Amino acid sequence: MSTLCRFCARKLRRNVFKASLHRIMFPSLLHRNRFTTDTSSVLSEMSAWQIHQYGGNEELSLSTTSRVPYIDHPNDIVVKVHAASVNPIDVHMRSGYGQVAINLLRKQCGRLRTGSEFPLILGRDFAGVVMETGQNVKTLTVGDEVWGALGAHRQGTHAQYTITSETEVSKKPESLSHVQAAAVPYVAATVWAALCSVGGLRENSTTGKRVFITAGSGGVGSFAIQLLKTWGADVTTTCSTDAVNFVRELGASVVIDYKTQNVFDELNNLKGFDFVFDTLGGDASVYADILKKWGNATYVSIKPPLLLNTDKLGLVGGVLKTVGSLGCNALQGFCDGRNIRWALFMPNGKALGKVAKLVEQGHINPVVEKVFTFEEVPSAFEKVANGHARGKTVIQIIPSEVC
Ligand SMILES: NC(=O)c1ccc[n+]([C@@H]2O[C@H](COP(=O)([O-])OP(=O)(O)OC[C@H]3O[C@@H](n4cnc5c(N)ncnc54)[C@H](OP(=O)(O)O)[C@@H]3O)[C@@H](O)[C@H]2O)c1
């Protein structure tokens, strides 16, 4: 009992110290009415969809007393979320996917204060309005309309407010509503990571390149086709019969209908691609075969085995198994002059700034397939889990938003 009391007293002292430090660093947060520019005025509580353990859709519950996030890092901003999208990653994370690696990341970033990730708010991207800024934020001010996609270690965006960093967001294109804008950031940052950061493609070096994208009809594929088309690439993609016209309109010049055609026969006839962007996963060597040989051609998959392996085998076992399998593929690629790589979503405010310009110039259009209200979040998860996406599923959090 006395040990417990000593422990409690120590914890209390630590919390008092942290609170004082926080007050000294962020005096503006002491105002009772925090968001003074917002006439609807929000205090310390908000509505948010949370899970308290991993599982199915039944784990999603709407809390009206979730704590509004506060700034504890000088580069952070608090955003009022007007709209957010639901991505396959949200459905996977709800079920526990990636928990070992993501918890390690949370721990390293100091975001596992209570020792548990729960209650966990899902959702990785948003469009909204800046409500507060940390001391070091230079490019954004309160009232700016922004869009962004958050790192996996952060609490999510299926909530009235979210906290993010200046580096994870950019100004939202003015021509888009928040609902339209929310369809873009996560898929845009993923495509940027795969094509540019990992794959080495650049705006000025893509013209005339032959690129094959698997599954052009989904959220990632529909964005990737538009970006590559804008940069002058010749895009081939796969999709099912009812999506053929859809992906053609997005900019694919060759479309293989995987329901009625043999994809690999067709690809063998089309061989000699400069780049393969694989969103389906599977055996990399099969797609690597359709790349140009000895031409610095590149295969990038966004289905790396790392998170699944660490979930199954723990951190060390998972990393070792992944390094082993990636090493084999890389070696095979090295032997015939092709690059075989894996990419993961990375938050990237700079890339979103460039994408915003392309949207304003009319080169890229958000593809919103279906909009759900905030109360309908579980139905939105169900829609994404059922597959067959034709673009993006968006949650409209501020009801007055015009679609
Ligand atoms: N590594 C990362 O950081 C990262 C980031 C984002 C996404 N991802 C992963 O990338 C994948 C795609 O993401 P997304 O957001 O685009 O998913 P999505 O919006 O659910 O789209 C998937 C698309 O694939 C189509 N499809 C299914 N089987 C197909 C096949 N055999 N051939 C061609 N098309 C097929 C689906 O339509 P039909 O079934 O009707 O054909 C649907 O249009 C997901 O598995 C996601 O988890 C990874």
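Which residue just after H3 takes a positive phi? Gly110 does, with a phi of about 70 degrees. The model in these views is predicted: local features need pLDDT of at least 70, side-chain atom pairs count only at pLDDT 80 or more, and totals for chains, interfaces and linings use all residues. Residues are numbered from 1 along each chain as its sequence is written, and side-chain values use heavy atoms, leaving out hydrogens and water.

**View 1. The whole protein has 12 helices and 16 strands.** Helices (H or I, at least four residues) and strands (E, at least two) are DSSP runs, numbered from the N terminus. Of its 403 residues, 52% count as buried, meaning under 20% relative accessible area, with exposed over 50% and partly exposed in between (1.4 Å probe, protein chains only).

**View 2. Helix H3 (residues 99-108) has buried and exposed residues.** Ile102, Asn103 and Arg106 are its buried residues. Because they cover an arc of only 100 degrees around the axis, they lie on the same side of H3; the arc is that of the directions from the helix axis to the C-beta atoms. Lys107 and Gln108 are exposed on the other side. The buried residues pack against helix H2 (88-94) and strand S4 (120-121).

**View 3. Strand S4 also belongs to an open sheet of three strands.** The order is S2-S1-S4, with antiparallel pairing; two strands pair if DSSP finds at least two bridges between them. S2 (61-67) and S4 are the edge strands, each pairing on one side only. Strand S1 (residues 45-51) and S4 are joined over two bridges, and Gln50 stands opposite Ile121 in S4.

Technical notes. Contact means heavy atoms within 4.5 Å.
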